[in-house]
Structures are given as structure tokens and as C-alpha cells.
Amino acid sequence: MATGLEKLWQSTLAELELQISRPNFITWFKNSQLLEKKTDGQVVIGLFSNFAKEWVENKYHKLLLDILFSLDNSIKKIEYTVINRPGPVLIKQPKRITDLSADNGFEEFKIDPESNLHPRYTFNSFVVGSSNELAYAASQAVIKVIGRKYNPLFVYGGTGLGKTHLIQAIGNEIKNVYKNKCKTKYVSSEKFVNDVVFFIRNKRMEDMKIKYRNIDVLIIDDIQFIGGKERSEEELFHTFNALYENNKQIIISSDRAPSALPVLEERLRSRFEGGMIADITYPDYEMRLAIIKNKLQERRSYLSDEVCSLVATKVQRNIRELEGVLNKVVFYQDVKGVDLTTKIVEEIIDNTLQEKSSNVSSGKIIKAVADFYEMSPKELTERSRKKNIVEPRQIAMFLMRDILDMSYPNIGEKLGKRDHTTAIYAYEKISQEITKKQSFNQKITNIKDLIYKSG
Ligand code: ADP
Ligand code: MG
């Protein structure tokens, strides 16, 4: 009997796969089962989470019933139930030529000046699990029918949980699929505000319109920063309407739900609430483990199962932190040649997590870096192209991101009014150096000591 059910389910899935997109198929139906066929024509489908159950019931019920009926016309009804979840699904897509993944050198990771998108953020490297499956599925729907289905798409969640990665991956995927037929632009809220200020100051608001309304997909990151900045809100409202009315897609991220954005103008809030709102929550253990495995694979490193499991167990707060710890652990093993014991790994984790919660400010970081290089904080923060400033400035930028999770535009602003792309570049460059060079890692450790000692 079981094999009959299995066969029927395999045929159903084969048909279903033709009718829905592959990522959706994998997200919702991987590890699904046909559990039972009752005599009254009812079948029971098992899905791996409550969430998947609801989603499939709402979105795919009719399709499933049609397919099942076409295969066995005694089937009249479907019941859905939750089976033990098998762990997160890692979506692996074929590599594309434009996908600059880990095989390429760091230098090739360039932000595309047209779209502002960073090629590192792709769906290839995005692990889908219970904490982000709704946001992921909504993203796929947006890519399929741009501007018409979920508009705006509003993604929210705490820091380091993958909002920027996801919304940039949407942009990159749209670029891949639609090539230059679809003009896509990613912008941080700070950049948007800066533009508003700049164009007002220069009496060029018409140019602002040209810049932001002549777009097919507008992606705005960290919208919470716009709240309370009246002129920017107003401009955003008009931009939003202009795009929306023309069926252009708008994608927004925020650290909280629209209803919880305190200073947002009501009319803007209700616009946001008119689309699809999806949250990203904390990854569970299985998902953290999947992310670790994924990152290791990306950088072609290997850690024992015990070490992976220990890191996944202990680092729970967010994915950026998880990456930070992982980098350090890999560094100890691959570069320093340390034999990783449970004790050593726990120490690395404790040190990293402790750093995050201590009393550090951007001022302290600037002071410590300046002290280390024997220069004044002013020298470090002024707008200068002097050669001897480059490395300390990059390190200060790196530390502001690493320890304080500051946004890139904010970091750029603090260090010589530099563009956010400079800050991103600095962060990535230093992250790479640390994992490659022992001497460099030591330098960072010494600077961190200075920061924490400064009380
Ligand atoms: P947020 O914008 O929510 O603060 P980010 O998108 O910057 O978070 O993510 C923080 C880090 O974690 C990034 O390096 C990102 O690539 C990684 N990350 C986040 N979510 C995932 C995921 N689901 N799979 C793989 N990596 C992820
Ligand atoms: Mg972000």
C-alpha cells in the first residue's frame, strides 16, 4: 500500500514541479509525503511545518486537488497535516556566469554602479529555513510577476538576520532573469535621505524625480531611518505612488513591522501595509547548522561535525554573528593550525559574543585605532587621501561594523564622509585579510584590546 501512495505522490510532485517555480517547489514540497488515502476519497498530505501546511493549503490546494484527481479520479478531498520537520532546505541553483561566487577573487566583488547591488548577495548562498521561508517565497513570487503581485514587498526583522541579503538577492535575480529590460535600483534609506537633502540644496528636485521614478524595481533598505525626516518621507511617498501606479515593484526592508514604526507618517504606513508583509525571525538550530555548512562550502573549508554543532548550538542571536564566529574558528584551525578542542571553540565563541555586548562606541573605536597608529582621531576622520590613512581607516570601518553593527552609510559618514561603498569595501577587505594573515589578525586583536581597555 505504501508504495502505491509513494508512486502516486511522486507523479503528483512531478506534475506540480512543472507548474510552480523550482524554489517554491523545493521550499514547500521537499520532504512532503502522501500519508494516507481513505475510502471516502480523502487523502492526507504531510508537510514539514505548520507554516508550510498553511501556505500550501492556502496557495496550492486547488492545484494539488486538480493534479491528484487527474491521476486518480476517486480522490475528492485533501487533508493537510504536519510531519516532523527534516531540517532546512538548502536551495542550490545552477551557477550562472554573472554569479561571482567564492571561486572568484575578492577584487571581483564589485558593486554594480547602475543598480547598486552587491554580487555577493544571491539566492545561491541564501539558506531557506523556517525563519525566512515566508519572506523567501514572497520574494520568488515578486521575481515571477514583478510589480503585480506583492507590491510593495515589505520584509522586516532584527539585525543580522538576512534582510539585506534577501532583498539584494531579489535584485540580482531580477537582473539575471530580465537582463536590462528591468531597471533595478537598490538604495539604503540613508542614501535616499542624503539624495533628498542634496537635490533640495541644489534646487534640483526634478533630477530627484528622474533618478527615482524612472525605475522598474526600487529596493529600499532599512526604511526605519526615514521615519521622522519629513521631507524625505514626503518624497518617498510621492516616489512610491508614482512607481506603484505604474505597476513598478517596490521592495522595502525594516527592522520592525510597519505598524511598529513609530514616527512614520500614516499615509506612508498604510501604503506599506497594502502589500505583502513578511518577517524574518531567528534561525533555529537546524537552520544555523545549514548556514554553517553552506558558508564552509563556499570558502572551501572544513570543520568537524562536533565543532559545527557546537557553534550552531551556542551562537543563536543572529547570522552575522554566526559568520563572525565561524571565521574565527576557521582561522584558528586553518591558519594557526590549532587542533580545535571543545574548550578552545567555546573560548572563541565566548570572546566573540562578549565583545558584542560590551560598552563600545564609534568614538572609542576611532580613538583606539588612532592610538594604535600613533595619529590623532582627527587625522583618521578627516577627508583625506593620504596613503598612511588608508589601512587604519579601513580597520576602523571594519570594527564599527563588526562590533557595533553600524550601517555602512553611517560608517562612511563617520570616517571622512566617505561613500557607503567604501565602507563595504573596507569591511570585506579586512574580513579577508584577517582570515588569511596571522600578523594582520594579531594587529586587530591588539586594537580590540585597546578598545576594551579604554573602559
Ligand atoms: P540584516 O540586513 O538583516 O541586518 P544581512 O542581510 O546583512 O542582515 O545578513 C547578515 C549576514 O548573514 C550576511 O553576511 C548574510 O550574507 C548572512 N546571512 C543572512 N541570512 C542568511 C541566510 N539565510 N543564508 C546564508 N547567509 C545568510
Ligand atoms: Mg541590512
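A disulfide here is a pair of cysteine sulfur atoms within 2.5 Å, and the structure holds zero of them. Here are my notes on this predicted model, in which local features need pLDDT of at least 70, side-chain atom pairs count only at pLDDT 80 or more, and totals for chains, interfaces and linings use all residues. Residues are numbered from 1 along each chain as its sequence is written, chains are lettered from A and ligands numbered from 1 in the order in which they are written, and side-chain values use heavy atoms, with hydrogens and water left out.

1. Buried means under 20% relative accessible area, exposed over 50%, and partly exposed in between (1.4 Å probe, protein chains only).

2. Next, the annotated site. The UniProt annotation "binding site", from an unreviewed entry, covers G160, G162, K163 and T164. UniProt positions follow the numbering used here, feature names are shortened, and annotations may be inferred rather than shown by experiment. G162 sits in the loop between strand 4 (153–157) and helix 6 (163–178), while T164 belongs to helix 6. Helices (H or I, at least four residues) and strands (E, at least two) are DSSP runs, numbered from the N terminus.

3. How do these two compare with the cut-offs? G162 counts as buried because its relative accessibility is 18%, whereas T164, at 23%, counts as partly exposed. Contact means heavy atoms within 4.5 Å. Leaving aside residues up to four places away in sequence, G162 touches F126 and I280; with that same exclusion, T164 touches Y121, Y186 and D221.

4. Helix 6 also holds N172, which is buried at 10% relative accessibility. A polar atom of the N172 side chain lies 2.9 Å from the backbone oxygen of Y121. This is a polar contact: a pair of N or O atoms within 3.5 Å, where within protein one must be able to donate a hydrogen and the other to accept it, and residues adjacent in sequence count only if both atoms are side-chain atoms. Not counting residues up to four places away in sequence, N172 touches L117, H118, P119 and Y121.

5. Some backbone geometry is worth a look. Most residues other than glycine have a negative phi, and most peptide bonds are trans. A cis peptide bond joins N151 and P152, with omega about -5°; P152 lies in the loop between helix 5 (133–144) and strand 4. D222, which is not a glycine, has a positive phi of about 55°. This residue is in the loop between strand 6 (217–221) and helix 9 (230–245), and D222 is buried, at 18%.

6. The unreviewed UniProt entry annotates residues 361–430 as "domain: Chromosomal replication initiator DnaA C-terminal". This span is 74% helix and 0% strand, and its end C-alpha atoms lie 20 Å apart.

7. Which residues of helix 15 (residues 362–372) are buried? They are S362, I365, I366, A368, V369 and A370. An α-helix has 3.6 residues a turn, so residues three or four places apart point the same way. The cover over the buried residues of helix 15 includes helix 16 (377–381), helix 17 (387–404), helix 18 (408–414) and helix 20 (438–453).

8. Finally, just after helix 15, E374 takes a positive phi of about 50°. E374 lies in the loop between helix 15 and helix 16 and counts as exposed, at 74% relative accessibility.
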